[in-house]
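Here's a quick tour of some ring contacts and a pocket. Have the structure open while you read.

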Amino acid sequence: MKNNIVKNRSFDFAIRIVKLYQYLCNEKKEFILSKQLLRSGTSIGAMVREAEHAESKNDFVHKFAIAQKEANESVYWLELLKATDYLNNKEFENIHKDAIIILKLITSIIKTTKNKQSLLKTNNL
């Protein structure tokens, strides 16, 4: 993969989510919350990938906005799994930190892209 931080981080995060899902199902016999986390946690990278081939800047922002929502949802499921003792502090802390970093990266990309669009509109007037 090229040096695309959000693309690489979201892919690595998806791998960790799949492995966490397997652990939760096999070891903890937890199937409902972990399935929700699997869906949202793997969707982040998928939306980042879709944004690579967006049809327009608005489409790009839209796809990243969906990735942002999925990242935020993943944070929620991780926090819920921790609060219900399916994850201990050590299991939770590292992956939660990664989710927050990805969420911040995506939010920054959205803001930067919107600001550039605003500047272009302002300069064309």
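## Who lines the pocket

Keep in mind that this is a predicted model. Helices H3 and H4 (89–124) each put at least two residues into the lining of the largest pocket. H4 is the top contributor, with six residues.

The pocket's volume comes out at about 170 Å³. Its lining is made up of Lys57, Phe60, Ile109, Thr112, Thr113, Lys116, Gln117 and Leu120. Sorted by class, that's three nonpolar, three polar and two charged residues.

## A lysine over a ring

Two of those lining residues, Lys57 and Phe60, also meet each other: the charged end of Lys57 sits over the Phe60 ring, 5.8 Å from the ring centre.

## Aromatic pairs

How many aromatic pairs turn up when the whole structure is searched? Two. In one of them, the ring centres of Phe60 and Phe64 are 4.8 Å apart with 40° between the planes, so this pair counts as tilted. Both residues belong to H3 (57–83), and they're spaced four residues apart, about one turn of the helix. Phe64 is buried, at 5% relative accessible area.

Tyr76 and Trp77 make an edge-to-face pair, with 5.0 Å from centre to centre and 70° between the planes. Are these two buried or exposed? Tyr76 is partly exposed, at 47% relative accessibility, whereas Trp77 is buried, with a relative accessible area of 13%. The cut-off for buried is under 20%, so Trp77 falls on the buried side.

Key. Residues numbered from 1 in each chain as written. Predicted model: local features only at pLDDT ≥ 70, side-chain atom pairs only at ≥ 80, totals over all residues. Heavy atoms only, no water. Phe/Tyr/Trp six-rings, centres within 6.5 Å; stacked < 30°, edge-to-face > 60°. Buried < 20%, exposed > 50% of the residue type's maximum accessible area, 1.4 Å probe, protein only. Lys NZ or Arg CZ within 6 Å of the ring centre and 35° of its normal. 1 Å grid on protein atoms, 1.4 Å probe; cavity = no way out; pocket = protein on both sides within 12 Å on 5 of 7 lines; lining within 4 Å. Points joined across faces, edges and corners; volume = space filled by probe spheres on them. Nonpolar A, V, L, I, M, F, W, Y, C, P; charged D, E, K, R; others polar.
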